[in-house]
Amino acid sequence: MLKNRLNEAQWNKLVERLPKYVQARAISNSSDYRRFVDAVLWLSVLDLPWSDLPADYGSWRSVYVRFIRWCQNDVWRDVIQSLHSEEYLARALSERVCRYEEGLCRSRRYKFARLRLSRAAKTSSINRGGED
């Protein structure tokens, strides 16, 4: 089994900072949530792709999906703040979250640019009388 990135005191401090709905689940299913957080920290510190996650941490896809949900609900912000005494962990995790958010912004910009081009093409086709 892989070593935990967080000691007991750090884990308890982290759980205290989680939003109430996540905190309740993390307390009732501590081993699962702790393994998930350790998995994300392990990947973040080593700066590895999701697919390189060892099987001991669970399915990399499941970890990735939960990571995304936590990003969407700003849960990682609370986790990063709870890790302020462990600067290298907080920085690595913050960089991983930022990369996800930047990728999301890039894909949205691309989607909207394609939409604008599509609308512009339709408008020009209408203005020319539909001759294409």
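Modeller: A helix here is a DSSP run of H or I with at least four residues, and helices are numbered from the N terminus. Keep in mind that this is a predicted model.

Ala26 sits in helix α2. Is Ala26 buried or exposed? Buried means under 20% relative accessible area. Ala26 has a relative accessible area of 1%, so it is buried.

What does Ala26 touch, once its neighbours within four places in sequence are left aside? Its contacts are Val15, Leu18 and Tyr33. Take Val15. In sequence, 11 residues separate Ala26 and Val15. In space, their C-alpha atoms are 6.9 Å apart.

Now widen the view to the whole of helix α2, residues 20-28.

Helix α1 spans residues 8-17 and helix α3 spans residues 30-46. Their angle is about 100°, and their axes are 12 Å apart. An angle of 65 to 115 degrees counts as roughly perpendicular. That makes α1 roughly perpendicular to α3. On the α1 side, the contact uses Glu8, Trp11 and Leu14. On the α3 side, it uses Ser30, Tyr33, Arg34 and Val37. Sorted by class, this contact has 4 nonpolar, 1 polar and 2 charged residues. Notice Tyr33 in that list; it is also a contact of Ala26.

Next, follow α3 to α4. These two pack at about 90°, with their axes 10 Å apart. They are therefore roughly perpendicular to each other. From α3, the residues in contact are Asp32, Tyr33, Phe36, Val37, Ala39 and Val40. From α4, they are Val63, Arg66, Phe67 and Trp70. The classes here are 8 nonpolar, no polar and 2 charged residues. Tyr33 and Val37 are on this list, and both also meet α1.

Now for charges. Side chains of opposite charge can pair when their charged atoms come close. How many salt bridges does the whole structure have? The search finds 6.

One of them lies within α3. Arg35 bridges to Asp32, with the closest N and O atoms 3.4 Å apart. Both residues are in α3, 3 residues apart, which is about one turn of the helix. Arg35 has 33% relative accessibility, so it counts as partly exposed.

Glu87 pairs with Arg91, and the closest N and O atoms are 2.4 Å apart. Here too the spacing is about one turn of the helix, with the residues 4 apart. Arg91 counts as partly exposed at 45% relative accessibility. There is also a network: salt bridges that share partners join Asp32, Arg35 and Arg66. Asp32 and Arg66 also take part in the contact of α3 with α4.

Another bridge joins Arg99 and Asp47, with the closest N and O atoms 2.9 Å apart. This pair links distant parts of the chain, 52 residues apart. Arg99 belongs to helix α6 (residues 87-127), and Asp47 to the loop between α3 and α4. Arg99 is partly exposed at 39% relative accessibility. Asp47 is partly exposed too, at 47%.

Asp74 is found in the loop between α4 and α5. At 39% relative accessibility, Asp74 counts as partly exposed.

Notes: Residues are numbered from 1 along each chain as its sequence is written. This is a predicted model: local features need pLDDT of at least 70, side-chain atom pairs count only at pLDDT 80 or more; totals for chains, interfaces and linings use all residues. Side-chain values use heavy atoms; hydrogens and water are left out. Axes are lines fitted to C-alpha atoms, for helices over the stretch in contact, and angles run from 0 to 180 degrees between N-to-C directions. Angles under 35 degrees count as roughly parallel, over 145 as roughly antiparallel, 65 to 115 as roughly perpendicular and the rest as oblique. Contact means heavy atoms within 4.5 Å. Ala, Val, Leu, Ile, Met, Phe, Trp, Tyr, Cys and Pro count as nonpolar, Asp, Glu, Lys and Arg as charged, and the others, Gly among them, as polar. Buried means under 20% relative accessible area, exposed over 50%, partly exposed in between (1.4 Å probe, protein chains only). A salt bridge is a side-chain nitrogen of Lys or Arg within 4 Å of a carboxyl oxygen of Asp or Glu.
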